[in-house]
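Biologist: I would like to go through some labels and ask what each one rests on. Please show me the model.

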Amino acid sequence: MDTLSSGFQHSVITEQDLLINDEVIVLVDDDSFIREPIKLYFEEMGLAVVEADSGKALREIIENKNVALILLDIGLPDIDGKTIPPEIKSNHPDIAILMLTGVSDLHTAMECIRAGADDYLAKPAPLNEIMLTTRKILEKRRLIIQNRMYQEELENANFRIKLMHQLSLKMNSVYLNTVQLDEILQGILVGITAQEGLRFNRAFLAMIDENNVLRGRLAIGPGCREEAGNIWQDLSKKKMDFFEIVHDLQTCTIGNETEVNKLISRLKIPLSQDDHVLIRCAVERKTIKVDNGAANGFDLSEVINLFGAQEFVVVPLYSPRRPLGVIIADNLITGRHISDSYVSALELFSSQASLVIEHSQLYMEMQESIVELEKVNHELDKNKNLLVQAERYSALGHMAAQMVHNLRNPITAIGGIARIMSKKTPPPEFVKYIDVMVKETDRLEDILSTLFEFVESDEIVKVKAAIYPLVQKVLLLLQHEINEQGVELDVYFTKPDTESLIDIDQISKMLAHIIRNSVEAMPHGGVLKIRGTYTDDWFKLVINDSGKSIAEGVRAKVAEPFYTTKTYGTGMGLTIVERIVKAHGGNFTINPQENGTEVVVNLPNIL
């Protein structure tokens, strides 16, 4: 016993690890007097033993028990014991065999070893020697099994690393549109279900859409499980890229009515249903494992009825910005228990899927923003041309109005004198000339009246609109001038979304005139401050430049038509501003400052 204890003390396998999962030792001998003491001794050592007196009885035990080791007598009544090891090793390679025989020659021992036995003892052998040999064989067997498990785990880890590497390369080498996203997500599901991967029977992926509904997207399961299980064999045989294999698999998954795709397509859960297990997993970003149809008090009836599994795991898909969806995996076909290590590995796959989805959504949002910016840029160019053209036409209109005003008085005077002369008794030879003068002055007055009405008929069409976006558009229109002169912008509105009742085109024109004048007042750079504040009844716009201040004598004339201190321009800009402000029922002032000029526009804030 001391020898045995010493031997056990140095073993790397514990007593509890010799036999696990209801494993037993089978003692095969036709002599019960030999079997009985060995059985009693083994049981005292805590080892489970089953007896058999023939080859037939041994086969029945192997079929019905989890056999770890067979102590086999060569001489059996119904079969030669040396013929059994090859049969057992062929069908059950993990069963160890210790041959027991009454013949103690080396030739017989070597023959038994060649037949597949792990060791050989000649009868009668001391019980402690049988026990020591048995233990060594069981330790060796356990080490071989553990080594195989470790090897499989290494291969699985290598599979996952290769898959993650492929996914990373795919993400870094392409911009992900919807088709490419489905391909990569399909690859992740293949990794979850492949034999060299996580070996889940089925994997389902659901994503949160723009309507805040969790919808089923992709699935892989028994319909394509064989293809997924053989994926790395195909890679090695065909020397194909991983995603080429995945692309081939898409013919039997994505877009086809396989059973798993039918199941996942029925999944539609609004985010507002916050007591649902899938929604809770996604929103709280927490993995949920379901055992025997129960998990943390959730009502799982709907999910169990849909997928048909009593044990499954749900892992979240999420980005720093928002929840993205969930991955659901189960072993419905094999019933294999989902261990914590597989849950952790599944979370790794979900992290990679989350990165893929976020990458794709950011790319799609960027594309949408680019399209929107192109539309805005096109609209800005169009509006800029319209504003320039409108300003030109407005200046011409005001020039025409001034001409109408200046010409009307003398023409009226001439016409009046001609009419007076026609009522006198002029010489007959002058009558026809006086009539021509009266008719032509009447015609000129009609033309001038019509022209005056035309140039002064700027009709205001008011609609509800926010002024802050109009300021932004005008700043975009003048961006080139602003940048060229090194002007810094400082814009702040207390309530940028507040709407007023305004004519959008006229207010835009007004803003363009004021801001352009302010920018032109700073040819060597400066700061342009724009402040918008709201009260219950008024909107106040204050625009300050840091350029040269307006002289006091000039201030009173700046809003007069055709007055300008510039070497170019019509001098109509501020005149137009004042007219637009007045047309809206507001007021407009220009206030010289110590450094620069302040323009204040007050508009009634009436909706």
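Biologist: Why is Thr 134 called buried?

Modeller: This is a predicted model, and in it Thr 134 has 1% relative accessibility. Buried means under 20% relative accessible area, so Thr 134 counts as buried.

Biologist: Where is Thr 134 placed, and which residues does Thr 134 touch?

Modeller: Thr 134 is part of helix H7 (residues 127–173). Leaving out residues up to four places away in sequence, Thr 134 touches Ile 25, Phe 42, Leu 69, Leu 71 and Leu 98. A contact needs heavy atoms within 4.5 Å.

Biologist: Why is Val 461 called exposed?

Modeller: The cut-off for exposed is over 50%. Val 461 has a relative accessible area of 51%, so the word applies. Val 461 is found in the loop between helix H16 (428–455) and strand S12 (463–466). Together with Val 463 and Ile 504, Val 461 makes a nonpolar surface patch of about 220 Å².

Biologist: What makes strand S6 (residues 202–208) largely enclosed by the rest of the structure?

Modeller: Seven of its seven residues are buried, so S6 is largely enclosed. Both faces are covered: one side has Arg 202, Phe 204, Ala 206 and Ile 208, and the other has Ala 203, Leu 205 and Met 207.

Biologist: How do you know that S6 and strand S11 (residues 323–330) pair?

Modeller: Pairing requires at least two bridges, and S6 and S11 have six, in the antiparallel sense. Ala 203 stands opposite Ala 329 in S11. Six bridges also join S6 to strand S7 (residues 213–220), again antiparallel. There, Ala 206 stands opposite Gly 216.

Methods:
Residues are numbered from 1 along each chain as its sequence is written. This is a predicted model: local features need pLDDT of at least 70, side-chain atom pairs count only at pLDDT 80 or more; totals for chains, interfaces and linings use all residues. Side-chain values use heavy atoms; hydrogens and water are left out. Patches are made of residues with over 30% relative accessible area and no salt bridge: like charges are joined within 9 Å, nonpolar side chains (Val, Leu, Ile, Met, Phe, Trp, Tyr) within 5 Å. Accessible areas come from the Shrake-Rupley method with a 1.4 Å probe; for residues, only the protein chains shown count as cover. A salt bridge is a side-chain nitrogen of Lys or Arg within 4 Å of a carboxyl oxygen of Asp or Glu. Helices (H or I, at least four residues) and strands (E, at least two) are DSSP runs, numbered from the N terminus. Buried means under 20% relative accessible area, exposed over 50%, partly exposed in between (1.4 Å probe, protein chains only).
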